[in-house]
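Good morning, and thank you for coming.

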Amino acid sequence: MHLKKLSDQVIVITGATSGIGLTTARMAAAQGAQLVLAARAEDALHQLEKELQTFGTEALVVPTDVGDKNDVAALAKAAIARFGRIDTWVNNAGVSIFGRLQEVSDEDNHRLFQTNFWGVVNGSMEAVKHMKKSGGALINLGSELSDVSVPLQGMYAASKHAVKGYTDSLRMELEKDGVPISVTLIKPAAIDTMFAVHAKNYMDVEPKLPAPIYAPELVAEAILYAAQHPKRDVHVGGASKMNSVGGFHLPRLFDKMGETMMWSGQRSNRASRSGRQDALHAPDANQELRQRQGMGDVTESSPYTQASLRYKPLKLALLGGGALVAAWMLSRSGTTRVTGDGINPPH
C-alpha cells in the first residue's frame, strides 16, 4: 500500500478548531498539505482559514456536525469539488461527560454517542466511498479508554470501545476486499487540550485529567505519521500502552486501581463553575482555536510512541512487556504515581 508524502496530500480533519484537531491542522499545513477542515464553530473555522492562508496553505473550511450524516456527506462533496480527491481522512471530533452513569441524562448520552461514535461511522463511510479506488489513509481517534474503562467517564469510555470495534471490523472488511486504504486507530493517553473544559460536567467540582498528561503535538505527529505509513494502531504515551496491556492481563487489578486512582484523579479541588458552558450540544465559542488548556506538568515526549511508530514488532513487543512491568510496579505501591512514560515517586 502506497501513501503519499504530506506535501502531496489532501487531508480532511474533523474537530479542527480545538486541541488535537487544531494541532494536527497546523502541523500538516507547515508540511505543505492541502486541508479540508470541519467543525461546528463556523466563525472559528474562518479565523483558522485566514491564519493558514497567511502562511500559504490552501485550506477549505466546511461547518460540519459529524453526528449528522448529511453534513458529513456535504463535507466530502465539498472536498472533492475543491481538490478533486481525498488522500487522508481524520475522524477526530469528540467530547466527553464527567459524572456517574446513573446521573447523566439520556439526551446527553445520546448526543455524546452521536458525535464520538456515529461521527466516526459517518466519516469513515464517506472516506471509503471516495478513497476506495485511489487509496489513502483513514485515521480514527480512539483513546486509551478504547481498551479499559474508568468511573466518571463511563459513556465516553463506551463510545471509544465502540470506535475500536467498528474500526477493527472495517479494517478487516477492506483488507478482505483488497481495498487500498490504510485504517489506523490512534489511542491517546490524557492530553493537554480543552477536553475537560469542553466536557459536560455533572460533578460538584471541575473535572481534570489524571497524570501523566501528554502534549497534543505527540498525537498530531502520530496522526501525520499514519497518514504516510500504514499502521494498525498507535498508542500515544507510554501510559496508554500500560493501561491497555495491564487492563488485558490484570483486569480486576485495574478495576481496583480505577476505583481509587481514577476517582480522585478526575476531580479537581475547584468548585464547578456557575453557569458553566460546555461543547456537548453546541460549540463553546469562548474556547475555540486553543490547542492546550495548560494543565501544569505536561510530558512533551514519549519514547514509547516514537519507538512504536518506527520499530519492528519484536522490539515493540519488548517495550510492551516493559509497560506491563511498569503497571505491576504501580500496583505494588500506593506511594508511586505515573509522571511520564515510566514510574516515579511523588514530589
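The model before you is predicted. Please look at helix α8, residues 216-226, which is mostly covered, with nine of its eleven residues buried. Among these buried residues are Leu-218, Val-219, Ala-222, Ile-223 and Tyr-225.

Where do these side chains belong? The largest nonpolar core has 59 residues, and those touching the most other members are Ile-11, Ile-13, Leu-35, Leu-37, Ile-186, Val-219 and Ile-223. Helix α8 supplies the largest share of this core, seven residues. There is also a second, separate core of 30 residues, which includes Val-10, Val-72, Ala-127 and Leu-185.

Beyond its neighbours within four places in sequence, Val-219 is in contact with Ile-20, Leu-141, Ile-186, Pro-188, Ile-191 and Val-236.

How does α8 pack against helix α1? In general, two packed helices are described by the angle between their axes and the distance between the axes. For α1, residues 19-30, and α8, the angle is about 60° and the axes are 9 Å apart. The two helices are therefore oblique to each other, and α1 passes α8 in a right-handed crossing. On the α1 side, the contact is made by Ile-20, Thr-23, Thr-24, Met-27 and Ala-28, while α8 contributes residues including Pro-216, Glu-217, Val-219 and Ile-223.

Key
Residues numbered from 1 in each chain as written. Predicted model: local features only at pLDDT ≥ 70, side-chain atom pairs only at ≥ 80, totals over all residues. Heavy atoms only, no water. Buried < 20%, exposed > 50% of the residue type's maximum accessible area, 1.4 Å probe, protein only. Helix = DSSP H or I, 4+ residues; strand = E, 2+ residues; numbered from the N terminus. Core = buried A, V, L, I, M, F, W, Y, C linked by side-chain atoms within 4.5 Å. Contact = heavy atoms within 4.5 Å. Axes fitted to C-alpha atoms, helices over the stretch in contact; angles between N-to-C directions. Parallel < 35°, antiparallel > 145°, perpendicular 65-115°, else oblique. Left-handed = near helix turned anticlockwise from the far one by under 90°.
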